[in-house]
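Biologist: Could you take a close look at one part of this model for me, and then work through the rest from there? Please spell out your cut-offs as you go.

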Amino acid sequence: MSCALFKNIGTIVSGDIDEPIINGDSIWIEDGVIKAVGNGVGDESSADLVIDCAGTTVTPGLIDSHCHVILGDFTSRQNQIGFLESEVHGGVTTIISAGEVHLQGRPKDPAGVKALAILAAKSFQNFRPGGGKVIGGAVILEKGLTRQDFEEMAREGVRTVGEIGLGSVKTAEEAAPMVQWAKEVGMTVMMHTGGTSIPGSSVVTADMVIKANPDIVSHLNGGPTAVPIEEAKKLIYETDFALEIAHCGNPKVAVETGKMIVDAGAKSRVIIGNDAPSGTGVVPLGILRVMNLLASLTPIRPEEAVCMATGNTARVHKLNRGIIAEGREADLVVMDAPMGSVGDDALAAIEAGDNPAVSIVMVDGKMVVNKSRNTPPPKRKPMVG
Ligand SMILES: [Zn+2]
């Protein structure tokens, strides 16, 4: 058995937005799974890895709910390699595909999109860029897909429907039966919302989203162009869809909708995505930046912003992670205020609008980052023994 102990933790953010802070100073892990959380838990003498957090903050590994992966750690959109590993250095331990839409020569027939989704799902089951987990293979809806196709994809490991609106299925009438089939086989369904993102995609209104009935309103604040604020309001107040705030969207609408979400009591529905790579670029710290944006300019508390990027997303995507609790996968991040920040710890830095400093990233009980190459250095450095 392989055991790990986090001790001398200053603050534990649970990932559970109903109870974001856990009273405790230590976390005990056995074979990649969290076994105990609290004060003085675990057995240091039998630990294979001891991380003395020096009074800093531990959060669940962040989940990027919206990434246009292809295959491998490469994107043809910006001709970059290593962009997924770079996200892991920003505290992201799970990256969820919103559709492999940037594949050069992407097939647009039912057999082709089905094959691509299965291939991407299976290849990312065998490949962890920088140690991070990728949920690849988000099928893009094209005309002609059948119920049998969804059954086959689910059987072969496809868990998600990529953003509706990126393929030839564009109207709510065309999408609705496929959404139903996808949900029946257990998939989570995302829908592009707002203006056209790239040539070939289309403008999606609130009414179209409501009629299509997905699980997730992708980039409520635009990807990159936002819906009018009245439409965003309708989606917040009149539906129970998960609401994604994306980095590569409209920051004004992110702030406006953040305020409405608090007013509507809808904080548990918010998830955070990068929507990179896109025309906006590759953004390794996009998830941290959206957390900062929401926590610094809306009534959303910094620990709640962390939960929006962890436990909320895990719940919507049916993943056994994103929450620090017994039985969950041990995907964790140690973070602190960056040197020079007005904040004294990670949450105060986030509330002040600063990117927190990521010190350690763990996936399934194994340390995959021991010094982030992308965030500034922390005020207090954990000791690893
Ligand atoms: Zn989109």
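Modeller: Pro-376 sits in the loop between β21 (366-369) and β22 (383-384), where helices (H or I, at least four residues) and strands (E, at least two) are DSSP runs numbered from the N terminus. Keep in mind that this is a predicted model, so local features need pLDDT of at least 70 and side-chain atom pairs count only at pLDDT 80 or more, while totals for chains, interfaces and linings use all residues. Residues are numbered from 1 along each chain as its sequence is written, and side-chain values use heavy atoms, with hydrogens and water left out.

With 34% relative accessibility, Pro-376 comes out as partly exposed; buried would be under 20% relative accessible area and exposed over 50%, with partly exposed in between (1.4 Å probe, protein chains only). Skipping its neighbours within four places in sequence, Pro-376 is in contact with Pro-338, Pro-356 and Ala-357, contact being heavy atoms within 4.5 Å. Val-358 is 18 residues away along the chain, and its C-alpha is 7.8 Å from that of Pro-376.

Ala-357 also opens β20 (357-363), and the loop between β20 and β21 holds Asp-364. Asp-364 has a phi near 50°, a positive value in a residue other than glycine. Its relative accessibility is 22%, so Asp-364 is partly exposed. You'll find Asp-31 in the loop between β4 (26-30) and β5 (33-38).

For context, most residues other than glycine have a negative phi, and most peptide bonds are trans. The bond from Gly-223 to Pro-224 is cis, with omega near 0°, and Pro-224 lies in the loop between β16 (216-217) and α6. The bond from Ala-276 to Pro-277 is cis too, with omega near -10°; Pro-277 is in the loop between β18 and α8.

General rule first: two packed helices are described by the angle between their axes and the distance between the axes. Helix α6 (residues 229-237) and α7 have axes that come within 10 Å and cross at roughly 30°, the axes being lines fitted to C-alpha atoms over the stretch in contact, with angles from 0 to 180 degrees between N-to-C directions.

Helix α7 (residues 251-263) packs on α8 at about 55°, with the axes 10 Å apart. That makes α7 oblique to α8. Here Pro-251, Ala-254, Val-255 and Lys-259 of α7 meet Leu-293, Leu-294 and Leu-297 of α8.

α7 has 13 residues and spans 19 Å from first to last C-alpha, close to the 18 Å expected (1.5 Å times one less than the number of residues). Its buried residues are Val-253, Ala-254, Val-255, Thr-257, Gly-258, Met-260 and Ile-261; the elements covering them include α6, β17 (242-246), β18 (270-273) and α8. Helix α8 (residues 286-297) has twelve residues and reaches 16 Å, close to the expected 16 Å. Among its buried residues are Met-291, Leu-294 and Ala-295.

Met-291 and Ala-295 are also contacts of Ala-305, as are Ile-272 and Ile-300, leaving aside neighbours within four places in sequence. Ala-305 belongs to helix α9 (residues 302-308), and at 0% relative accessible area it is buried.

Last stop, the aromatics: the structure holds two aromatic pairs, meaning rings of Phe, Tyr and Trp (its six-membered ring) with centres within 6.5 Å, called stacked if the planes are under 30 degrees apart, edge-to-face if over 60 and tilted otherwise. The rings of Phe-150 and Trp-181 have centres 6.1 Å apart and planes at 55°, so this pair is tilted. Phe-150 is in helix α3 (residues 147-155) and Trp-181 in helix α4 (residues 172-184), so the pair ties together parts 31 residues apart in sequence. Phe-150 is buried at 0% relative accessibility, while Trp-181 is partly exposed at 24%.

Definitions and conventions:
Angles under 35 degrees count as roughly parallel, over 145 as roughly antiparallel, 65 to 115 as roughly perpendicular and the rest as oblique.
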